[in-house]
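This text walks through a protein chain and its ligand. Have the sequence and the 3D view open side by side while reading.

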Amino acid sequence: MAKRALLTGITGQDGAYLSQFLLSKGYEVTGIVRRSSHKGLEEHRLQWLKIDSQVRLVYGDLADLSSLLRIVQEIKPDEIYNLAAQSFVASSWDQAILTAEITGVGVVNMLEAMRLGAPKARFYQASSSEMYGKIREPMQSELTPFHPRSPYAVAKLYGHWITVNYRESFGLHASSGILFNHESPLRGIEFVTRKVTDGVARIKLGLAKELRLGNIDAKRDWGHARDYVRAMWLMLQQENADDYVVATGRTTTIRDMCKIAFDHAGLDMDKYIVIDPAFFRPAEVDVLLGNPAKAKQKLGWSPETSLEEMIVEMVDADLVRLKKLA
Ligand code: NDP
Ligand code: GDP
């Protein structure tokens, strides 16, 4: 019988790539979506990967435990991937309470639904390198102490520890993946990589004259979402649940990432980038650099896509998308 996977956040970047991956492994994939007044839009990332007709969507919300419990009891999943969140750091200062309720308390809602409705299922929590924040070690591992720097990161820290706690308290197979930034042509447009690749494509096609950015000296450890969803699945195939850092082990400034994108389009970035204080954050995470040694050793996981390959793929995808407007 086919294994059943239940995903929250299926309409997001990772939800789309993870669905594609699980379908290729023969899973039945069900995703929880929020009811919205915009019919159809919710499936656009799934449509981009041409898998929208192969997944089942059911209505529920991470804030509504009764909806989650009803769905878990009906689907009886073998694996639950909790990817839903208010996931944009910058918005978390404007919507701190909502972020706490969804990105933080939403995790215990999903864990409770599993504990009550499918306690033998395996659980993946989408934790984040943002939890390291003001870093305590130059290279962050599973043992590095956390120092969150945004309401988003504080909420993620709760999600991480409640996952660990439910594993230790109730013996649930619950794992937390501490994933460093991962991107793709399906990345939300407000995140810096996609903002840059979309901006470069717009400038190239004559649709924009400049690109306004904030702190381009910040450094991130960027990988490709397609590679990172594989690590999520690998965690749930282990006999024992655990926590893993998923990263590339290389860090790059926003400035150097921009250069890859502008160079690929044959543009001089110094002519187009405008530094705009509106995009600076109340508290910044200056640098993140992950140590993926445990994931490599225990899961046999390593990233397959370089930053250069990924940015080129994203610029090309944005050029294709935007050519229709030019
Ligand atoms: P996205 O922002 O692309 O997707 C977020 C998803 O959560 C969407 O499907 C969204 O639905 C859903 N969602 C938001 N609020 C609710 C709610 N109240 N109830 C149900 N669903 C909701 O995120 P990514 O795919 O990039 O990331 C996946 C997860 O991994 C997130 O938890 C993120 O915080 C975490 N993460 C991501 C990293 C990255 O670099 N991408 C790094 C580390 C962690 P809708 O379409 O309706 O908005
Ligand atoms: P985050 O690491 O989850 O916050 O991912 P983002 O892609 O949103 O931001 C990564 C880094 O890029 C942060 O240090 C931001 O301050 C920096 N950055 C600089 N300019 C921008 C911008 O215009 N938009 C965003 N989203 N980030 C920017």
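A polar contact here is a pair of N or O atoms within 3.5 Å; within protein, one must be able to donate a hydrogen and the other to accept it, and residues adjacent in sequence count only if both atoms are side-chain atoms. This is a predicted model, in which local features need pLDDT of at least 70 and side-chain atom pairs count only at pLDDT 80 or more, while totals for chains, interfaces and linings use all residues. Residues are numbered from 1 along each chain as its sequence is written, chains are lettered from A and ligands numbered from 1 in the order in which they are written, and side-chain values use heavy atoms, with hydrogens and water left out.

Start at ligand 1. A polar backbone atom of H182 lies 2.8 Å from one of its oxygen atoms. For L83, too, a polar backbone atom is 2.8 Å from an oxygen atom of ligand 1. K156 contributes a polar side-chain atom, 2.8 Å from a ligand oxygen. Taken alone, ligand 1 exposes 900 Å², and the protein buries 86% of that (accessible areas by the Shrake-Rupley method with a 1.4 Å probe; for residues, only the protein chains shown count as cover).

Around ligand 1 there are 23 residues, of which T11, D14, R34, S87 and Y152 come nearest (near means a heavy atom within 4 Å).

Now the domains. The chain is divided into domain 1 (4–182 + 223–246) and domain 2 (187–220 + 251–287 + 305–323), with bounds from an automatic or database domain assignment. Their centres, taken over C-alpha atoms, are 27 Å apart.
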